[in-house]
Amino acid sequence: MIRDQEILDQLTDTLSRFVRERLVPNEERIAEDDAIPAEIVTEMKDLGLFGLSIPEEYGGLGLTMEEEVLCAFEIGQTSPAFRSIFGTNNGIGSQGIIIDGTPEQKAAYLPRLATGELIASFALTEPNAGSDAASLRTTARRDGDHYVINGTKRFITNAPEASIFTLMARTNPDDKSAGGISAFIVEKDSPGLSLGKIDKKMGQKGAHTCDVIFEDCRVPAANIIGGKEGQGFKTAMKVLDRGRLHISATCVGVSERLIRDSVKYAAERVQFGKPIGEFQLIQAMLADSRAEAYAARCMVLDAARKKDEGRNVSTEAACCKMFASEAVGRIADRAVQVHGGAGYIADYGVERFYRDVRLFRIYEGTTQIQQLVIARNMLKDIA
Ligand code: COS
């Protein structure tokens, strides 16, 4: 749903210019420094990027899902690490509070998340609970008006920068299933919370992950999301439904960027006396990439519109995540191939994207988890 086409066009134009003029020229720098420069983070805050999907009443832009994916198509056209720094405030870090939080929790955290004063992070994965999220072992034991949390969370995006964590922990030790899990808002300064060392990753330099360790960490009982125990797994799944659409839209943006760079290179690079773009074998790669990116864009828009209509898009979000992340992997591979030797050399930047996009097939649910979600829902629908 687009509420006001003119205002949205202004926003997407601004984002497109920001990406072109401020982010693209800094891609190499953030990869080398493994950090987003402070001045760029300030500009992102001024543009409202930390609050794209936070409701207007809490100071965000309150974008609908369709508006959000249209913005992500633009923001995706540069190194994914730029999106990552504000991505968790709009997506998995804040959505638990937006979807299931109490009015007090929303009022306490959302306004500061919208401005970027606070960074939110989503702490679900553990050393022994990744795809099988419901098997998580972190415990939260009630003790008076607090919970005492013990356990370790792993590969947590933006944990080194985070001010708050949306944490999933088991409040009922006798219930080993999803029903024993609750979601909490945990502030980074809570006693007993510490961080592991920053992980060395294959790509997405500038975006950071690390372990988050809870040792008798005391969290006020008022911070249980929604005020009820046992709802945390469902909160996490709803958050991921939305997050997966956002990631899919980012995949579309990166795909379009890589295709544009490939076409430009094919038009300029001369071999055998003519631009390589005139050779049909190069054309085939460009065409396959174009068709796949177009298909992904159409899927994401369709699913986003259905979500705005209030429909359950768990299946569609999984389809989008599976298709768009696999497609951008193929598109990045072809981009390297079209660039030939230059595609393998760091100076041209294509190899960096090739490594960066590999993550899209893994986080927020692997391709195999998306297949499982899609097929299970299909079987449920006919039952
Ligand atoms: N929205 C709302 N509720 C949902 C839901 C969704 N999208 N998906 C599942 N649920 C509910 C189910 O309805 C069920 O509730 P009831 O017990 O009341 O029926 C409960 O949650 C448990 O669901 P289910 O039995 O399907 O859970 P499973 O343990 O079998 O696992 C998968 C479900 C595999 C889909 C889940 O573990 C998953 O998504 N794993 C990947 C995790 C992930 O993405 N990790 C990345 C980390 S974040 S970067």
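How many cavities of 30 Å³ or more does the structure hold? The structure holds four.

## About the model

This is a predicted model, where local features need pLDDT of at least 70, side-chain atom pairs count only at pLDDT 80 or more, and totals for chains, interfaces and linings use all residues. Residues are numbered from 1 along each chain as its sequence is written, and side-chain values use heavy atoms, with hydrogens and water left out.

## The largest cavity

A cavity here is a set of points, on a 1 Å grid over the protein atoms alone, where a 1.4 Å probe fits but cannot get out; lining residues have an atom within 4 Å of a point. The largest cavity comes to about 40 Å³, volume being the space filled by probe spheres set on points joined across faces, edges and corners.

Its lining includes Leu258, Ser262, Met285, Ile331 and Arg334. Helices are DSSP runs (H or I, at least four residues), numbered from the N terminus. By class, the lining has seven nonpolar, two polar and one charged residue. Nonpolar covers Ala, Val, Leu, Ile, Met, Phe, Trp, Tyr, Cys and Pro; charged covers Asp, Glu, Lys and Arg; the others, Gly among them, are polar.

## Helix α10

Helix α10 (residues 314-339) has 26 residues and reaches 37 Å from first C-alpha to last, close to the 38 Å expected at 1.5 Å a residue; that expected span is 1.5 Å times one less than the number of residues. Just after α10, Gly340 takes a positive phi of about 60°.

## α4 against α9

Helix α4 (residues 65-75) packs on α9 (residues 280-308) at about 155°, with the axes 7 Å apart. Axes are lines fitted to C-alpha atoms over the stretch in contact, and angles run from 0 to 180 degrees between N-to-C directions. So α4 is roughly antiparallel to α9, a label for angles over 145 degrees.

On the α4 side, Met65, Glu66, Val69, Leu70 and Phe73 meet α9 residues including Arg297, Val300 and Leu301, where contact means heavy atoms within 4.5 Å. That contact has seven nonpolar, no polar and five charged residues.

Definitions and conventions:
Helices (H or I, at least four residues) and strands (E, at least two) are DSSP runs, numbered from the N terminus. Angles under 35 degrees count as roughly parallel, over 145 as roughly antiparallel, 65 to 115 as roughly perpendicular and the rest as oblique. On a 1 Å grid over the protein atoms alone, a cavity is a set of points where a 1.4 Å probe fits but cannot get out, and a pocket is an open set with protein on both sides within 12 Å along at least five of seven lines; lining residues have an atom within 4 Å of a point.
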